[in-house]
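Reader: I am new to this structure. Please show me how to read it, one feature at a time.

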Amino acid sequence: MLSYLARRILVMIPTLFAISVLVFIIIQLPPGDYLTTYIAELEAQGEAVDPGKIEFLRQQYGLDKPYWEQYMIWAGGMLIGDFGYSFAYDLPVDQVVGDRLYLSFLLSFSTIIFTWIVAFPIGIYSATNQYSWGDHGMTLIGFLGLATPNFLLALVLLYLGKVYFGTSIGGLMDPEYLDQPMSTEKFLSILEHLWVPVVVIGTSGTAGMIRRLRANLLDELQKQYVVTARAKGLSPIRLLTKYPLRMALNPFIADIGNLLPQVVSGAAIVSLVLSLPTTGPMLIEALQAQDMYLAGSFLMFLASLTVVGVLISDLALAALDPRIRLGGGTEQ
Amino acid sequence: MSVPEARFHYPLRNLWPDYARAAAGFALTMLPLPNAIGGNVIVLTIVLALAFLFGSFGFTTFLRHKSIVAADEQGIWITGLWGKALRWDEIAEVDMRYFSTRREKDKGWMQLRLSGKGQKLKVDSNLEDFDGLIRHVVTAITRHDLVVTPIGKENLASMNKTVPTREDTA
């Protein structure tokens, strides 16, 4: 496994380098830079723009340097944990992100756990009781969850909460705790508000996971080794957990690669609709304002998490299911 | 009919890509180290962990290079540092794993794992005449009625090695 891990990590290095170049190109693609956007905003408000000050700021932020030099400064900084400077907030990127990152983690991990806790038993039940009333019912609910866009569900819940219960279910805490240091009361308030976004974001993921687990488990349960084991009188639970369930877990594991970036991006559109103080809306604002280091570091962080997520899922798959595929070969 | 002792080793021509990977990985992770010291603790930890990983990979490649795998009628053993030996009748489970770093899962390598008596003996397909060693193992599986994992059976079948239908359903 050490050999696999070392080879796999070595593959990640050129991948991350290529991603960093792409991200840098993407954040440079819009015409102009943060300062031209800033000047346009000032002029639109009828304020005078001092060319000397703009030139000073351009030098200060390194925007007068050639692109390759800007890239080297940005990428080299990230290698030692310096994510650059946010022009819009006038603060280092890590300070701008601050609490939002922890709240995004909390929200997304809660969503992942909700998804797995709900999807796992339902998926197993549906596969082991195929075409029963329970299976049909779960399938219907699953399809409804899959077909409903998250932001629409969020809007419906907002409306129902306001009209029928007279409460606002937006936000991730009561307004008085915003920008306050963490305390027991603030944490309890977060927990109180957390269930709504967890249900909203988790519904479609749960439905998809149920369908995939059911399909995979059904495939495994029809294989010959399961028939042999059943004929030998193995108990149903042991029969299920010994190999079929392990094999059917593959989609859960393969999903880790997609889950990690979601943990940080924090379902941006739902966060906007529900006014959640997560990192998603901040990323959108940074992209709109051409706050290049904030947006670039975010995108790079998300891409790195995708690469790390795929690494984790590959390692788990290599440990659980190290099978050769037809058409593959071995090298000496 | 008695089975003569067969000896196998890892030749340099099969192992040099692993040496090169270990060296490249170690060099690349050590590159940002001077600047990372005194900076972000998380980044420094990641850099040191990766350097340690590639260092360990280089060391284990060296150990494989210096080891000899041998098999006869009685059992199988590996000589060298951390050498191991198992008699065929002591083996509780035979597993054959396939690893590949590619999405298409091609150009990978096999790893034979024999476990029993609280120890695990692992041999990679980088071994010279790996196929010859597998022939010994398949003979032992038949003679001693050894348990082969379902994944191991599939991977052995891909090498045109069929083993008895007994499966681990215990």
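Author: Start with contacts. Two residues are in contact if their C-beta atoms, placed from the backbone, lie within 7 Å. In chain B, take the contacts between residues at least 6 apart in sequence: 55% of them join residues at least 24 apart.

Reader: Before we go on, what kind of model is this?

Author: This is a predicted model; local features need pLDDT of at least 70, side-chain atom pairs count only at pLDDT 80 or more, and totals for chains, interfaces and linings use all residues. Residues are numbered from 1 along each chain as its sequence is written, while chains are lettered from A and ligands numbered from 1 in the order in which they are written.

Reader: How many helices and strands does chain B have?

Author: Helices (H or I, at least four residues) and strands (E, at least two) are DSSP runs, numbered from the N terminus. Chain B has 5 helices and 7 strands. Along the sequence the pattern reads β-α-α-α-β-β-β-β-β-β-α-α. The C-alpha atoms of chain B fill a box of roughly 65 × 30 × 30 Å along the principal axes.

Reader: How do strands make a sheet, and in what order do the 4 strands of chain B stand?

Author: Look for bridges. Two strands pair if DSSP finds at least two bridges between them. In chain B, 4 strands form an open, antiparallel sheet in the order 1-2-3-4. Strand 1 (6-9) and strand 4 (84-87) are the edges, and each pairs on one side only. From one strand to the next, the twist averages 10°. Strands 3 and 4 of chain B share 4 bridges. In strand 4 of chain B, B:R87 stands opposite B:G75.

Reader: Which helix packs on that sheet?

Author: Angles need axes. These are lines fitted to C-alpha atoms, for helices over the stretch in contact, and angles run from 0 to 180 degrees between N-to-C directions. Helix 4 of chain B packs on the sheet and touches strands 1 and 2 of chain B. Its direction makes about 140° with that of strand 1 of chain B.

Reader: Which strands form the open sheet of 3 strands?

Author: In chain B, this antiparallel sheet has the order 5-6-7. Strands 5 and 7 of chain B are its edges. Here the twist averages 20° from one strand to the next. Strands 6 and 7 (residues 119-124) of chain B run antiparallel, joined by 6 bridges. B:R113 has B:K122 as its bridge partner in strand 7 of chain B, and B:L114 stands opposite B:L121. Helix 5 (residues 150-158) of chain B lies across strands 5 and 6 of chain B, at about 60° to strand 5.

Reader: What is a nonpolar core, and how many residues has the largest nonpolar core?

Author: A nonpolar core is a set of buried Ala, Val, Leu, Ile, Met, Phe, Trp, Tyr and Cys residues joined through C-beta atoms within 7 Å. The largest has 28 residues; B:V94, B:L112, B:L133 and B:V137 have the most contacts inside it. Helix 4 (130-144) of chain B is among the elements that each supply at least two of its residues. That helix gives the largest share, 6 residues. A second, separate core of 24 residues includes A:F24, A:V96, A:A286 and A:L299.

Reader: How many residues of each chain take part in the contact?

Author: Chain A brings 31 residues and chain B brings 41. Helix 1 (2-28) of chain A is one of the elements on the side of chain A that touches chain B. Helix 1 of chain A gives the most to that side, with 11 residues.

Conventions
Buried ≥ 20, exposed ≤ 12 C-beta atoms within 10 Å, placed from the backbone.
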